[in-house]
Amino acid sequence: MTSPLVPRMAEHTTSIFGEMSTLATQVGAINLGQGFPDTDGPHELKRIAMDAIEDGRGNQYPPPHGLPLLREAIAAHQERFYSLQVDPGPGVVVGTGASEVLQSALLALVDEGDEVVMFEPWFDIYGAGISLARGVRVGVPLSGPALRPDIDALRAAMTPRTKVLLLNSPHNPTGIVFTVDELRSIAQVAIEHDLIVISDEAYEHLWFAGHQHTPIATLPGMFDRTITVGSGGKSFSFTGWKVGWASGPADLIGAVRVVRQHLSFVSGGPFQYAMAAGLGLPDQYFAEFRADLSAKRDLLAGGLAELGFGVLMSQGTYFLTTDVGRFGYDDGLSFCRDLPDRAGVVAIPHQALCDDPAIGAPYVRWAFCKQPSVLHEALERLEKGLT
């Protein structure tokens, strides 16, 4: 019997994240592939969610576009951190994680044959979302050993059918943060070609010293053409709560709302109260959050470098990138498939996140959002298994 799956989704049947996590479970490997922390976020946010359950505020459907309290907090957050003026009424929508908001934006804005341009490697749900929308994905490789955006290549990728630029900074999987100059050049291309920009900023608070995140919507001419996506799970270490949002001009957010309300309808009632409080946490919280992650980054990066990996130091996100050339592998996929048995550790190959496998072939992504004891054990296993 042939598969009942529609052909455009056939390539998305399996996920590299699912494959690697299954391998980790089968052999008892330390999973440095999956991007979630192994410690909870602020206790006060858990208490707010529990109170919302206990006193009955969060147990029924919240408003379809998000609690007004949360939408107001999102607008206030955008003004506080980025001086962006967002209307919490028509200019904000809340969804079941950043993932649903991103998919809703693609379904709302991309029609059959429309081209969506994005830098590769890219997060795997982008490809699936474009296929769902019957769009055409166009990859622009991050270039050079530092994996930076190539503006000339971006400009060359434009065609009359290009409609959306899907941007991600801080960038998953590479761990780079786009500079203001790079963003200005990207913005110029978007304006020249009248593109809509979907800016995935799920890791907006996970940047490290010298690499502060700048939303592209803050640049001249960009707010009115940009949907900015945020993630409560990433900002507050509660990824299982699945609360994300988008903000921007009313016409673009209105289009996202139309689609999103027909997906999960609503979700996360108690957690929306907690996320609203989280967005108002003092600057100290965000600074300490980054400092903790920075220390974990340094621990893993230093250990991998001592083992002989070429480390691309993470500028943001949970992730850092290394090459695997020293270990006798032609590509990261083979390396990652062998690694659980060989060393009892799991990582993610870049090439599984590229249309052209050659682009990501040398590179592997490691997640450092784990307790130091876990990172130390992973390094010890790698030393025994690889040397």
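Modeller: Let us begin with a sheet. Four strands, in the order S9-S10-S13-S12, form an open sheet with antiparallel pairing. Helices (H or I, at least four residues) and strands (E, at least two) are DSSP runs, numbered from the N terminus. This is a predicted model, in which local features need pLDDT of at least 70, side-chain atom pairs count only at pLDDT 80 or more, and totals for chains, interfaces and linings use all residues. Residues are numbered from 1 along each chain as its sequence is written, and side-chain values use heavy atoms, with hydrogens and water left out.

Colleague: What makes S9 and S12 the edge strands?

Modeller: Strand S9 (310–312) and strand S12 (348–349) each pair on one side only. Two strands pair if DSSP finds at least two bridges between them.

Colleague: Which helix lies across S9, S10 and strand S13?

Modeller: Helix H11 (residues 283–306) does so, running at about 10° to S10; S13 covers 363–367. For such angles, axes are lines fitted to C-alpha atoms, for helices over the stretch in contact (heavy atoms within 4.5 Å). The angles run from 0 to 180 degrees between N-to-C directions.

Colleague: Why is strand S8 called mostly covered?

Modeller: In S8 (residues 243–247), 5 of its 5 residues are buried, where buried means under 20% relative accessible area, exposed over 50% and partly exposed in between (1.4 Å probe, protein chains only). Val243, Trp245 and Ser247 point one way, while Gly244 and Ala246 point the other way. S8 is paired with strand S2 (residues 92–96) over 5 antiparallel bridges, and Val94 stands opposite Trp245. Strand S7 (residues 226–231) is also antiparallel to S8, with 4 bridges; there Val229 stands opposite Ala246.

Colleague: Why is Glu100 called buried?

Modeller: Its relative accessible area is 11%, under the 20% limit, so the term applies. Glu100 lies in helix H4 (residues 97–109). Beyond its neighbours within four places in sequence, Glu100 is in contact with Gly95, Arg260, Leu263 and Ser264.

Colleague: What does the side chain of Glu100 reach at 2.7 Å?

Modeller: The side chain reaches the backbone nitrogen of Thr96. A polar contact is a pair of N or O atoms within 3.5 Å; within protein, one must be able to donate a hydrogen and the other to accept it, and residues adjacent in sequence count only if both atoms are side-chain atoms.

Colleague: How do you know that there are 0 disulfides?

Modeller: A disulfide is a pair of cysteine sulfur atoms within 2.5 Å, and the count by this rule is 0. For Cys336, the nearest cysteine sulfur, that of Cys354, is 13 Å away. For Cys369, the closest cysteine sulfur, in Cys336, is 16 Å away, which is too far for a bond. Cys336, at 0% relative accessibility, counts as buried, and Cys369 is buried at 2%.
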